[in-house]
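Got the viewer open and ready? Let's take a walk through this one, one selection at a time.

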Amino acid sequence: MTQRYPHFTHWFLSHGRAIRFAFNELMRSPVANFITVCVIGIAIALPLGFFILLENMQTADSTWNTSAPTISLYLKSDITQTQVDSLIQTLRANNNIKNVNYISPEQGLKTFEKNSPFADVVNLFQKNPIPGVLIILPIKQDQNPTSINTLYLALKQLPTVDIAQLDMHWVTRLYDVISVGEKVVRALSVLFCFGVILIIAHTLRSSLASHINEIQVMRLIGATRAYIRRPLLYRGVLYGLLGGIISWVLINVFVMQIQPPISQLAQTYHTIFHLQRITFLQGSLLLIFSALLGLISAWLIITQFLNMPEQMD
Amino acid sequence: MIEFQNVAKNYPGHTALINATFSMASGDMAFLTGHSGAGKSTILKLAMGIEKPTHGKIHINQQDLSQLKKRHIPQLRSRIGMIYQNPQLLENQTVFNNVALPLLIQGYRHQEIKRRVQAALDKVGLLSKEKLSPNSLSCGEQQRIGIARAVVNKPSILLADEPTGNLDPDLSMDILRLFEAFHLVGVTVLIATHDLPLIAQMPYRMIILQNGEVKK
């Protein structure tokens with residue numbers, strides 16, 4: 001039997017020792033470290049909360065799109081049935097249009113007589129005053145404010161069309177809100193990522209100050225930089241990971257808290273709306289990401305310490 | 001083997017070594033002396049790769065230090081045992097763990113570490129204190145723990161920087177006898193000290209530094 005462990009075993013054991021060391025350091029002052037981890041968790045939870053809200057708004061947007069934005073074309077009253085048929089054919093041939101629904105003046109009149117309290121008024125006219133209407137549903141890709149507006153402007157120009165109507169204010173607004181929200185979340189995320197890195201770096205830095213001597217000794221007796229770095233990197237990762245778990249819990253509690261009022265609100269619109277929590281995949285990504293932030297901050301700090309000039313006494 | 005050829009070392013603002021040339025064959029023992037600030041510590045720092053020389057060549061065991069890459073410095077140090085005036089022990093670790101540190105870093109097997117640490121502690125006469133904290137030991141004992149840590153890896157070279165600086169004459173002589181014992185089993189030993197009355201009692205070569213040069 002050789003005196004030393006095989007290379008891989010040594011590497012493996014030293015990682016195990018580094019993890020144990022990192023964990024012991026964390027447990028040495030549990031209260032202070034718990035506070036640090038909470039601060040990291042809250043810092044991650046803020047942009048994460050916005051992100052989840054945004055995700056929910058986007059699903060809301062797509063559910064409400066079943067009553068998708070349509071364009072109504074009110075036809076001129078003097079056109080013939082042949083003209084109407086050829087118009088419908090032209091429109092159906094248009095690639096941007098998914099569906100064309102024709103409501104003839106007679107159908108329109110029937111609906112009006114059935115639903116309106118002013119049905120009698122129609123009898124005052126000698127001729128059916130209700131124009132033929134074409135309801136245009138754009139294809140899915142074109143159901144956004146810009147494309148739908150282009151289509152609307154084109155259809156408005158048709159010679160047989162009297163009035164074209166498009167009610168899309170709510171679409172525009174929702175899209176605007178979401179795109180502003182996306183920008184805010186992006187900016188906040190960058191800001192808070194820096195925040196998390198700084199928090200972890202600061203914590204490690206102040207606790208490292210008491211280990212300077214140890215690092216010095218390790219270097220003088222022949223420890224490699226990687227060997228010295230390892231326990232600290234694990235500590236950074238541990239901080240990040242625990243912070244990530246706390247933010248995950250915080251956001252799910254937050255979503256559970258606002259679910260009842262949101263359901264009530266949705267009910268008044270006769271819809272059911274379930275807020276989404278963080279999915280398992282998102283949560284896993286979150287933890288990987290927060291651990292990575294911890295790793296980066298630990299790396300920055302330990303490199304700084306390792307680059308300090310060596311002392312012999 | 002230690003060899004310095006025309007080595008100069010400048011620090012910003014002052015010159016520590018102007019032209020130092022000396023060599024020690026394997027298994028030699030010598031004292032490096034000179035008044036404070038003559039460059040004794042600089043020589044040891046250069047030999048350990050803590051500093052790089054401004055000019056000149058340094059060979060440690062046939063290895064040219066100027067060719068040594070930064071990432072190979074840990075390897076160099078693991079083959080040199082270094083003892084400091086202040087023994088540089090980790091206070092939150094036991095005596096055993098302090099001495100075991102170089103072996104742990106090198107990936108020695110658990111049983112081998114135990115065997116070697118106990119042998120080293122036995123050699124310096126402190127085997128009974130292995131479970132104590134270094135804080136509970138006297139200065140002389142701490143220095144001997146430092147020596148045990150330096151020799152536990154069986155280095156071919158031992159360097160010491162004022163190892164008796166904090167000790168009274170009797171204890172100092174004990175420490176020097178300990179170094180002599182390692183010299184007698186073939187280790188190259190270089191001890192930097194300004195304690196001339198002490199080393200006058202021993203029959204070893206003196207390398208005297210004066211104004212940044214080795215006095216012939």
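Start with chain A, where the domain assignment, which is automatic or taken from a database, gives domain 1 (7-64 + 173-306) and domain 2 (70-167). Colour these two separately: their centres, taken over C-alpha atoms, are 55 Å apart. Before you go on, bear in mind that this is a predicted model, in which local features need pLDDT of at least 70 and side-chain atom pairs count only at pLDDT 80 or more, while totals for chains, interfaces and linings use all residues. Residues are numbered from 1 along each chain as its sequence is written, and chains are lettered from A and ligands numbered from 1 in the order in which they are written.

Now select chain B. You'll find 7 helices and 10 strands there; these are DSSP runs numbered from the N terminus, with helices (H or I) of at least four residues and strands (E) of at least two. The radius of gyration of chain B is 17 Å, close to the 17 Å that the globule rule gives for 216 residues, so chain B is as compact as a globular protein of that length. (That radius is taken over C-alpha atoms, and the rule is 2.2 Å times the number of residues to the power 0.38.) Along the principal axes, the C-alpha atoms of chain B fill a box of roughly 45 × 40 × 35 Å. Of its 216 residues, 44% are buried, where buried means 20 or more other C-beta atoms within 10 Å of a residue's own, exposed means 12 or fewer, and partly exposed is in between, with C-beta atoms placed from the backbone.

To see the contact, show B:Val95, B:Asn98, B:Val99, B:Leu101 and B:Pro102 of α3(B), then B:Ile145, B:Ala148 and B:Arg149 of α5(B).

Bring chain A back to see where the chains meet. The contact takes 21 residues from chain B and 15 residues from chain A. On the chain B side, α1 (40-48), α2 (73-78) and α3 of chain B each give two or more residues, and α3(B) has the largest share, with 4 residues.

Finish with two loop residues. Zoom to B:Asn61, between β4 (55-60) and β5 (63-64) of chain B. Its phi is near 50 degrees, a positive value in a residue other than glycine. Then go to B:Lys154, in the loop between α5 and β7 (157-161) of chain B, which has a positive phi of about 50 degrees although it is not a glycine. Most residues other than glycine have a negative phi. Buried or exposed, or in between? B:Lys154 counts as partly exposed, with 13 C-beta neighbours inside 10 Å, and B:Asn61 counts as partly exposed with 15.

Terms used
Contact = placed C-beta atoms within 7 Å.
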